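Hi,

Here is the model I said I would pass on.

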Amino acid sequence: MPQPPPDFVPPPWLRFVRRYIWVIAFVLGAATLTVIRPMLRHVPEPPPVLFTLPGDYALVDHLERPFTPATLEGEVWVAGFVFTSCPSSCPAVTRAMSDLADRFARTKVDVKMVSFTVDPERDTPEVLARYASTVGADPDQWRFVTGEPDTILKLVGEGFRLGVGERQTIEGDIYDIAHSTKLALVDGEGQIRGYYGIEPDEGLAEIYERADRVLQEQKSR
């Protein structure tokens, strides 16, 4: 490489570059990473259809609005399963649903939430309305659903294909009902697209991404 003459005086811009070369390299690297990050992000494929929910149930939500297969037709939604007097897993399920609902609302991803009670004898619309109020649920985004016990339990057991146990007394009036903590992703045609855990960094992150993909899939049709 040819050397500059002994009397060469570098221009100000070259002196600046030489002096701050590492700073300039860092800034350029950070800017490049910011530009290409969206291209590096892994976007999962829409999950496959597992099966379709039955088309003949008639339930009611916490505001006594009908809840049937037509209620969320064309909407992507997440289903969870709880009961209001649950002493074990239900608070964690409801907290996960609340976190997920907040994230959908914050990012303007139009996915609905539905919590089905597995204790319909006790969880009337009035009881569910109080429960929904305590968690600050937006009734336009998040419904709490009950109905005739046979209808509810058949939908959970045969429709969603999730187990529900018998009521087990723990002490006095305290009892538990064993049931799944999984969240189900449902598309606009009432088709189950997957089951996900309630762990914030795993299950909830995955169901958020998958729900968004199903929503985009529907919009592209």
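Predicted model: local features only at pLDDT ≥ 70, side-chain atom pairs only at ≥ 80, totals over all residues.

Residues are numbered from 1 along each chain as its sequence is written, and side-chain values use heavy atoms, with hydrogens and water left out.

The sheet: eight strands make an open sheet with mixed pairing, in the order β1-β10-β9-β4-β5-β6-β2-β3. Strands here are DSSP runs (E, at least two residues) and helices likewise (H or I, at least four), numbered from the N terminus. Two strands pair if DSSP finds at least two bridges between them. At the edges are β1 (51-52) and β3 (66-67), each pairing on one side only. β1 runs antiparallel to β10 (residues 191-196), and two bridges join them. One detail there: Thr52 has Gln191 in β10 as its bridge partner.

Two helices go with the sheet. Helix α4 (residues 125-134) packs on it and touches β2 (59-61), β5 (111-117) and β6 (142-146), where contact means heavy atoms within 4.5 Å. The direction of α4 makes about 150° with that of β6. Axes are lines fitted to C-alpha atoms, for helices over the stretch in contact, and angles run from 0 to 180 degrees between N-to-C directions. Helix α5 (residues 149-159) lies across β1, β2, β4 (76-82), β5 and β6, at about 100° to β2.

Now the rings. There are 12 aromatic pairs, counted when centres of Phe, Tyr or Trp rings (the six-membered one for Trp) lie within 6.5 Å; planes under 30 degrees apart are stacked, over 60 edge-to-face, and the rest tilted. Phe67 and Phe116 are edge-to-face because their planes are at 80°, with centres 5.8 Å apart. Phe67 is in β3 and Phe116 in β5, 49 residues apart in the chain. Both Phe67 and Phe116 are buried (under 20% relative accessible area; over 50% is exposed, in between is partly exposed; 1.4 Å probe, protein chains only). Phe83 and Tyr175 have planes at 10° and centres 6.0 Å apart, so this pair is stacked. Phe83 and Tyr175 are buried too.

Ring pairs also link Tyr57, Phe67, Trp77, Phe81, Phe116 and Phe160 into a cluster.

Cheers
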